[in-house]
Amino acid sequence: MTATGATGRKRLTTSAMIASFADPGQRTTPAPFGHALNRLAEQRPEIVGLSADLAKYTDMHIFRDVHPERFFQMGMAEQSMLGAAAGMAEVGLTPFASTYCVFASRRAYDFFCLDIAEPGLNVNVVGGLPGLTTGYGPSHQATEDMAILRGMPGLTIVDPCDSVDIEQAVPQLADTPGPTYLRLLRGKVPTVLDEYDYRFELGKAAELRTGRDVLLISTGLMTMRALTAAQELGKHHVDAAVLHVPTVKPLDTERIVAEAATDRLVVTLENHSVVGGLAESVASSLAFAGQCARIVPIALPDEFLAAGALPTLHDRYGLSSDGVVRRVLAEMK
């Protein structure tokens, strides 16, 4: 969002909390999660929504406005929200509970684990601001949420690339036995995967592009960066394949092992700390399969990140498409 100052020139006024990571001119879809949840709720009366005072910032307000009788505002009490969602699931409802990733993973872990995961309840936790999708600092940047949650028994973790992933994932999450965790992209979300004959399938990786030189294994918003980088790498005579992994747990180990069984350089890309996320999941999958491969991780560093403008931060920490290209070319040498 911009405003015009006294000089007539536009000045940046977009809040760092809701800053967009979409590239200039990129196609977007408004609030895909909220609209997908509404469509599902029209078919299934047991769908309910909860928010920890963040409906507007997790697109849950779309559901709230259409189904006010099925929406529960729990206030800034994430533990209570998850406890209430567990109770709703116990009586046959299918809750979608939304907050920020940092609060779902750091603040409410015990309630998530013991109230929801241990009894195997179908509560769908929706976390906004995953990884480096806010210009605010470490208090809101969920750089380690997957590392925290991957060890929770029975939890399904989905890290969507774009609006297509989100819209198709919502009904599948509702149908999944046990708890789920969605790393939500909110607001005007880029629409990318519709150009690749793609359909989201829970627990499955999808090859979006073939290539003989480099295998880019990506998840979340880094898949759109991988696709852009692959096109640019072609100008440098580097043929890059892109394997999109929207479900981080359970991981599509069989597909990853099969794709990595070549002499291609394997590069993982994730909007998450290099510790405990996709890179280590891929590395352990290959190691347990007795397969050796050199893996180059493109991820956030094991440190608390700076605050600032998202494009600047993404370039600084290597998540921009240009950063991916530079890193791959350097590794190829």
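Two axes count as roughly parallel when the angle between them is under 35 degrees. Keep that cut-off in mind. One caution before we start: this is a predicted model.

Helices first. Take α3, residues 78-90, and α5, residues 109-117. Their axes come within 9 Å of each other and cross at roughly 5°. That angle falls under the cut-off, so α3 and α5 are roughly parallel to each other.

Which residues in α3 and α5 meet? From α3, we have Q79, L82, G83 and A86. From α5, we have F111, F112, D115 and I116. Sorted by class, this contact has 5 nonpolar, 2 polar and 1 charged residues.

Next, the aromatics. A pair of aromatic rings is described by the distance of the centres and the angle of the planes. The count here comes to 2 aromatic pairs. Let me show you F33 with F96. The ring centres are 6.3 Å apart. The planes sit at 50°, so the pair is tilted. Now look at where the partners come from. F33 belongs to helix α1, residues 32-43. F96 belongs to strand β6, residues 94-100. The pair therefore ties together parts that are 63 residues apart in sequence.

On to a pocket. I want the second largest pocket, with a volume of about 150 Å³.

Last topic: the backbone. Most residues other than glycine have a negative phi, and most peptide bonds are trans.

Spot one is D53. Its phi is near 65°, a positive value in a residue other than glycine. Where is D53 placed? D53 is in the loop between β4, 47-51, and α2, 60-66.

Spot two is P250. Is the peptide bond from K249 to P250 cis or trans? That bond is cis, with omega near -5°. P250 itself is in a loop too, the one between β14, 247-249, and α9, 253-259.

That's my tour.

How values were computed. Residues numbered from 1 in each chain as written. Predicted model: local features only at pLDDT ≥ 70, side-chain atom pairs only at ≥ 80, totals over all residues. Heavy atoms only, no water. Axes fitted to C-alpha atoms, helices over the stretch in contact; angles between N-to-C directions. Helix = DSSP H or I, 4+ residues; strand = E, 2+ residues; numbered from the N terminus. Parallel < 35°, antiparallel > 145°, perpendicular 65-115°, else oblique. Contact = heavy atoms within 4.5 Å. Nonpolar A, V, L, I, M, F, W, Y, C, P; charged D, E, K, R; others polar. 1 Å grid on protein atoms, 1.4 Å probe; cavity = no way out; pocket = protein on both sides within 12 Å on 5 of 7 lines; lining within 4 Å. Points joined across faces, edges and corners; volume = space filled by probe spheres on them. Phe/Tyr/Trp six-rings, centres within 6.5 Å; stacked < 30°, edge-to-face > 60°.
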